[in-house]
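Please examine the sequence and the structure shown below.

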Amino acid sequence: MAAQNLLKLGHRVSLYEAKPSLARKFQLAGRGGLNLTHSEPIGHFTEKYFENSSFFASLFDRFSPQDLRNFCHQLGQDTFVGSSGRVFPKKFKATELLRAWISNLVTMGLDIHTRHKWVGFDDNNNFLISDLHGEIKTVIPDAAILALGGASWPRMGSDGSWVDILRKLDIEIAPLKPANCGFETTWPDSMPTSCFGHPLKNISVSLKDKSVKGEIMLSSYGLEGGAIYALSKMIREEIEATNNAKIHIDLKPSHSLGKIEQLITSRKPGTSLSRFLKHNVHISSPALELLKAYSSKEQFNSPTPLAKLIKGLEISLVKPRPIERAISTAGGIKFSSCDESLMLKARPGLFVAGEMLDWEAPTGGYLLQGCFSMAVHVASGVEQYLTSQ
Ligand SMILES: Cc1cc2nc3c(=O)[nH]c(=O)nc-3n(C[C@H](O)[C@H](O)[C@H](O)COP(=O)(O)OP(=O)(O)OC[C@H]3O[C@@H](n4cnc5c(N)ncnc54)[C@H](O)[C@@H]3O)c2cc1C
């Protein structure tokens, strides 16, 4: 996106990509339908960027979610708004959009070098690029943008190897951490393994005063899924502060505690409680197993304690899943190391963009939109820098 904007301004642009093809993570995101952005009002949209929301608000003034949709449309790829308000390409994948985009960039004159990895600087601060044969080339650009990603899914190219290079330049980098990730727990011994791989749908998960409705997936190591990802920043920070995060799962958010208690009490004596919970309270099989594993026999058979458990089953999460399995990365280059245009204060002419900066946002299209808007902003910073030279 940065190259697109610089080419439009008439600059000569070369792109160096370590992998044999461009945008592998973008392609991977396409497997889930490619949630490009979100259609909610911009005020709500910017709130999703936590402590960086005012900075991102200024980026969206320049390149908004609607601008991204228009851009896709210009590439011949229409978008649509899903029932949750999320925006996807009509084709529901990345391949065609990416193909159209790369072809457009090539037509505009982009000079692409795949299998070319940036490995650092020489003594004169020139860029060192290792080519596909392992030979090192020296590149001397008038200005450069690093958009090397975070450290999740390193197979897709973003392996975080830039951290050591940039730290040597005294650039402040917050430790890279998993974001939008699953979390580990120690399941009770009585938890049946047959539950793993099954979702709990239409539930809500809360941590302290924040509650998220959605779906979670039970797994042998712990919990994954949208409702967990949405709380992942809070969960991670709580674990860092206190060694564990006690989340509460409401297995029946549509019913009050009193209503559930009343339903359970209405069961005819002699009928199976498990069957009653399934058919009359609509508790799914995995949720039922979870309730059994987290209760004593007495608790399970007493209406009030059982209703309380259904409305707030506590699970202690102890560790995030490894960053390699996370959807995105928290941490990275601190904004304080950059000027307003995201040029590194320590290296005039060198700009940074995307997930390698210290920000995070939930899933829902906020990550890609954040990266694209940042790229547009950085391209304009490069233009200003070159003009000032
Ligand atoms: C499974 C999955 C699904 C996702 N789905 C969505 C979604 O639906 N919606 C959404 O908004 N976000 C989604 N994301 C997140 C989104 O893909 C990322 O936030 C986004 O791709 C980050 O863009 P980036 O340009 O900062 O980094 P990246 O996309 O990671 O790109 C960095 C590029 O730099 C290259 N590179 C790294 N180091 C070097 C080097 N030294 N020299 C040369 N090249 C180098 C890498 O090979 C890579 O191609 C998903 C992520 C994953 C893992």
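**A guided reading of the model**

Histidine 38 stands opposite arginine 86 in S4. Residues are numbered from 1 along each chain as its sequence is written. This is a predicted model, in which local features need pLDDT of at least 70 and side-chain atom pairs count only at pLDDT 80 or more, while totals for chains, interfaces and linings use all residues.

Strand S4 (residues 86-89) is joined to S2 by 2 bridges, and these strands run antiparallel. Helices (H or I, at least four residues) and strands (E, at least two) are DSSP runs, numbered from the N terminus. An open sheet of 3 strands has the order S2-S4-S3, with antiparallel pairing; two strands pair if DSSP finds at least two bridges between them. Strand S2 (37-38) and strand S3 (79-81) are the edge strands, each pairing on one side only.

The largest nonpolar core has 91 residues. Such a core is a set of buried Ala, Val, Leu, Ile, Met, Phe, Trp, Tyr and Cys residues joined through C-beta atoms within 7 Å, where buried means that 20 or more other C-beta atoms, placed from the backbone, lie within 10 Å of a residue's own. H15 supplies the largest share of this core, 10 residues. Because domain 1 (2-179 + 324-388) and domain 2 (183-320) both give residues to the core, it lies between them; the domain bounds come from an automatic or database domain assignment.

Around the ligand, the shell has 15 nonpolar, 10 polar and 6 charged residues. Ala, Val, Leu, Ile, Met, Phe, Trp, Tyr, Cys and Pro count as nonpolar, Asp, Glu, Lys and Arg as charged, and the others, Gly among them, as polar. The largest share of this shell, 5 residues, comes from H2.

Conventions
A residue is buried if 20 or more other C-beta atoms lie within 10 Å of its own, exposed if 12 or fewer, and partly exposed in between; C-beta atoms are placed from the backbone.
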